[in-house]
Amino acid sequence: MESFASIALAEAKAHLSHVLDRVEAGEELVITRRGKPVARVVPVRHPIIPLPSLADFRAQLPKMRHSSTEMIRATRDEGY
């Protein structure tokens with residue numbers, strides 16, 4: 001069975017910033033309520049990759065030959 005440092009819920013609430021500092025440093029903590037484990041806080045294993053802005057993404061898309069209105073009407077008229 002794995003062993004993790006534990007912290008009481010009241011202490012975790014009162015010192016959340018410190019708890020997150022410990023987790024960010026690689027520590028895994030178990031939060032307990034009335035002595036029973038209720039949650040495990042672990043560091044993020046894979047960093048979140050920032051996505052380009054929506055405007056940058058749209059600028060990379062090819063220009064459409066027909067407007068969306070024309071495409072919807074054509075699809076409707078074809079019976080879809």
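Guide: Helices (H or I, at least four residues) and strands (E, at least two) are DSSP runs, numbered from the N terminus. This is a predicted model: local features need pLDDT of at least 70, side-chain atom pairs count only at pLDDT 80 or more, and totals for chains, interfaces and linings use all residues. Residues are numbered from 1 along each chain as its sequence is written, and side-chain values use heavy atoms, leaving out hydrogens and water.

Visitor: Which pattern does the protein chain follow along the sequence?

Guide: The protein chain has four helices and three strands. Read along the sequence, their pattern is β-α-α-β-β-α-α.

Visitor: What is the radius of gyration of the protein chain, and is the chain compact or spread out?

Guide: The radius is taken over C-alpha atoms, and the globule rule is 2.2 Å times the number of residues to the power 0.38. For 80 residues that rule gives 12 Å, and the radius is well over it, so the chain is more spread out than a compact globule: 25 Å.

Visitor: What percentage of the 80 residues count as buried?

Guide: Buried means under 20% relative accessible area, exposed over 50%, partly exposed in between (1.4 Å probe, protein chains only). Of the 80 residues, the buried share is 12%.

Visitor: Which residue forms a salt bridge with Arg 45?

Guide: A salt bridge puts a side-chain nitrogen of Lys or Arg within 4 Å of a carboxyl oxygen of Asp or Glu. For Arg 45, the closest N and O atoms of the pair are 2.5 Å apart. Arg 45 lies in the loop between β3 (36–41) and α3 (54–60), and its partner, 17 residues away, in the loop between α2 (16–24) and β2.

Visitor: Which residues form the positive surface patch?

Guide: Patch residues have over 30% relative accessible area and no salt bridge; like charges are joined within 9 Å, nonpolar side chains (Val, Leu, Ile, Met, Phe, Trp, Tyr) within 5 Å. Areas come from the Shrake-Rupley method with a 1.4 Å probe; Lys and Arg count as positive, placed at NZ of Lys and CZ of Arg. One member, Arg 33, sits in strand β2 (residues 29–33) and is partly exposed at 43%. The patch is formed by Lys 13, Arg 33, Arg 34 and Lys 36.
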